[in-house]
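Reader: I would like to learn how to read salt bridges, sheets and chain symmetry from a set of coordinates. Could we take them in turn?

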Number of protein chains: 2
Amino acid sequence: MTSDPLIARLRSSLGEKAVVTDPDVLDSHRNDHATFCSAGVPRLLVRPSSTSEVQEVLRAAGEHGVPVVTQGARTGLSGAANALDGCLLLSTARLNQILEISVEDQVAVVQPGVVNSELSRAVLDQGLFYPPDPSSWEMSTIGGNIATNAGGLCCVKYGVTGDFVRGLEVVLASGEVVRTGRRTVKGVAGYDLTRLIVGSEGTLGVVTEATLALRPEPEAALTAAATFMSIEDGIAAAAAVMASGLRPSLLEFLDGPTARAIQDYRDMGLPADVGSLLIAQSDRGPRAAEDVAAIAAICESFGAVEVAVASGAEESRMLLEARRLVNPALEPLGVTLVDDVAVPRSKLVALLDGIAAIGTKYDVLICCPGHVGDGNMHPTVVFDRDDAAAEARALEAFGAVMELGLSLGGTITGEHGIGTLKAQWLEQELGPVGLGLQRKIKEVFDPGHLLNPGKVLRPFRA
Amino acid sequence: MTSDPLIARLRSSLGEKAVVTDPDVLDSHRNDHATFCSAGVPRLLVRPSSTSEVQEVLRAAGEHGVPVVTQGARTGLSGAANALDGCLLLSTARLNQILEISVEDQVAVVQPGVVNSELSRAVLDQGLFYPPDPSSWEMSTIGGNIATNAGGLCCVKYGVTGDFVRGLEVVLASGEVVRTGRRTVKGVAGYDLTRLIVGSEGTLGVVTEATLALRPEPEAALTAAATFMSIEDGIAAAAAVMASGLRPSLLEFLDGPTARAIQDYRDMGLPADVGSLLIAQSDRGPRAAEDVAAIAAICESFGAVEVAVASGAEESRMLLEARRLVNPALEPLGVTLVDDVAVPRSKLVALLDGIAAIGTKYDVLICCPGHVGDGNMHPTVVFDRDDAAAEARALEAFGAVMELGLSLGGTITGEHGIGTLKAQWLEQELGPVGLGLQRKIKEVFDPGHLLNPGKVLRPFRA
């Protein structure tokens, strides 16, 4: 029994098990994977299992004036899924059905709690391909991927999550349901509300169903890897690959500090003075060997020290291993604060030079892996968890990297989103007129400021 | 000299030549290419040549309470660029500069009045490719393409205009300037205002600059064409091509009535009893021959009567000729009312069967060419221009086709937009909740209802 009328109402309408108030469970749901984002103490956790239950949750929360934070797998990196004091946590865990996979229409219809890898494997079983592959894909949900417009390794060829979202079912703050977009490939019927919801991090509505575009299964992939003496050479080679028309299905960059951390973690035969490392893949089956050979030749022409080209799947896997080891290799070095700036490719050398200078200025280690084909880098500030002064310097360096990215015509976030982590810098990126429009759009969808308030946009209501 | 204070103000600030009041010129600017859309009598035509001049035009119009209709080349097919009584026509004709083509970043920055073909050729000169290719590409402007999220033949592989718009500069109804989006490949900084403007048909703001994504130049293309005894066979073959992973760069369909009209217009050797015709292209250079051979084999396996595969550019051009002749062949038959429904590919046979039944019911000729790979068809009602009863039946048939498309899970417009032509059906497609959101978004951008009022959304202010 509870004296909390909101809890009582939801238990009555959704059932006892759908409404959780156990403090340990609530505590375990306070945070996503962001570092340094504050998290409040939630009032309750609700696990609706249908669209109509989500409607009831939002109606009840609205009537009680309780803010709602929607959570998927809480793998986000910007604090968007962090609890707010007194909030209702709306978990999509039970909205986890793949409702349809249509081979003929090349679409899947899913609920938001479906895990990315589960969908990817289910469609592959039918000869189809759902490309968006954030690093978290074994854990993160489609709803979370939509909320942040998640990217991944294969974006360089296939695009981001939003490029695969055709239509959505969304429960609004009012409890009403709206269907946006379409099932068809093309459509221009009215303003594009689908794209407005994609990347909105739970601040405009709760996605309860998504119609996703699929592609035919890609052909077999092959990998090439190259080491360079300098950052400049590696970046120049990457630019030449992108200009070549080869369309790699993956093009990753690791700077010297990242490569050294990996080599220290596990012997990959990387020389101590490596300046940068490029890893590329082509998934064009019989033509992949020709593609990776062409990529290798480009790398050599830009002064690569060593170039390795895989001849099969196992060698390809091994060449990708360095990229996979970035997180495990950095983790033992201290706390990691992962940035997500993207710049025009022509500014990548300036970005990396500037990041090195920032590392020196603030006396912190900044490793810089990234999706170089998209100009989207993940400068990662690493510092000692027991050194408060280092922590303060790390935060300053983190901000300086975003300022640098903006000064180079870039954006503060390529694929991780704003959450609370970057809400301050978002205002700088948008400028006052753009910020004003964004606030008004927020108020169209959520006049009561109850959907993930303070995320993306800092609190602004008078 | 004029006694009209708005005209006097704009002549003073923009110069005499930028403000046109000649009734003949105004009359020639009343319509776009839509059939059956009403057009009002404009008060003046203004040709600003800079963003700041557009700001001045919108401020002046706002202060005088005069509605603004933005016009590019007026090649639209839904009446979005049609004049309203007493309106200010804002022509983008003098905003026609390609500001930048960056080979390194694979972007172009252009003003809205640049003609699509001019941009396409300019980037090709630098080894780059701007894919969106609406049929009007030799005349239509990038601003107009953005306003309608224009498609074209190559969408089936490359996507629509919106997929290539990275960022925009937009003058708002208030006269303020906002920059949306970014120059980078990826970005998720705040709500996606860029995609909200794309397809908004001049109702949310005036685009004064666009940053467009480019790709490396495609390789040489080859074409295949196949005739079938029935609609079902042609549609089934198209579905199989799309399921095959072949990624044709063009996949067009002509139904029997269209093919017969073309054959009557020019002898293409098409049999009188042809059920449907498919035309496909691959632009993968050395691999194109293999691709079109595979497409031809698929067509044969679905019962194609005749299959032709080009071995070079000239033969490819000849095989595409039938598609190019659709408009010239239909034009002599009467007035054409071109629809733009899109359905999931699995519903194409049902759509075409339904269209044939509608033609019979309303006693009108409906020809149905279309972008079959995208499920986006252009059912075209043809009727005698001197027969008022036939005109009435044609309009009823036109509406029935949209109703049919919606009933099959489709959309009323794949690439032509809403304008005034389809504003009534848009309400049906959106439903009341979606319509309510769209109206509120309109009011965020244009609280005075002065930007192309009544287009896309029917007048709704109390």
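Reader: Which residues of chain A are linked in a network of salt bridges?

Author: Side chains of opposite charge can pair when their charged atoms come close. A salt bridge here is a side-chain nitrogen of Lys or Arg within 4 Å of a carboxyl oxygen of Asp or Glu. In this structure such a network links A:R266, A:E314, A:R317, A:E321 and A:R324. This is a predicted model, in which local features need pLDDT of at least 70, side-chain atom pairs count only at pLDDT 80 or more, and totals for chains, interfaces and linings use all residues. Residues are numbered from 1 along each chain as its sequence is written, chains are lettered from A and ligands numbered from 1 in the order in which they are written, and side-chain values use heavy atoms, with hydrogens and water left out.

Reader: How many salt bridges does the structure hold over all chains, and where does the partner of A:R323 lie?

Author: Over all chains there are 52 salt bridges. A:R323 pairs with A:E252, with 2.7 Å between the closest N and O atoms; A:R323 belongs to helix α11 (residues 313-324) of chain A and A:E252 to strand β13 (residues 250-255) of chain A, 71 residues apart. Helices (H or I, at least four residues) and strands (E, at least two) are DSSP runs, numbered from the N terminus.

Reader: Are A:R323 and A:E252 buried or exposed?

Author: Buried means under 20% relative accessible area, exposed over 50%, and partly exposed in between, with a 1.4 Å probe and protein chains only. A:R323 and A:E252 are both buried, and A:D446 and A:K442, which form a salt bridge at 2.8 Å from N to O, are buried as well.

Reader: What does the salt bridge of B:D105 with B:R183 tie together?

Author: The closest N and O atoms of B:D105 and B:R183 are 3.2 Å apart. B:D105 sits in the loop between β5 and β6 of chain B, and B:R183 in the loop between β9 and α7 (193-197) of chain B, so the bridge joins parts that are 78 residues apart in sequence. B:D105 is buried at 6% relative accessible area, whereas B:R183, at 22%, is partly exposed.

Reader: How should I read the order of strands in the open sheet of four strands in chain B?

Author: Strands of a sheet pair through backbone hydrogen bonds, either parallel or antiparallel. Two strands count as paired if DSSP finds at least two bridges between them. The order in chain B is β1-β2-β4-β3, with mixed pairing. Because β1 (19-20) and β3 (68-71) of chain B each have a single partner strand, one side of each is left without a neighbour in the sheet. β3(B) pairs with β4 (residues 88-91) of chain B in the parallel sense over four bridges, and B:L88 is the bridge partner of B:V68.

Reader: Which strands of chain B does helix α3 lie across?

Author: Helix α3 (residues 51-64) of chain B lies across β2, β3 and β4 of chain B, at about 170 degrees to β4(B). Axes are lines fitted to C-alpha atoms, for helices over the stretch in contact (heavy atoms within 4.5 Å), and angles run from 0 to 180 degrees between N-to-C directions.

Reader: What rotation superposes chain B on chain A?

Author: Copies are superposed by least squares on the C-alpha atoms of residues with pLDDT of at least 70 in both. A rotation of 180 degrees with 0.0 Å of shift along its axis brings chain B onto chain A, at an RMSD of 0.0 Å. The two copies are therefore related as by a two-fold rotation axis.
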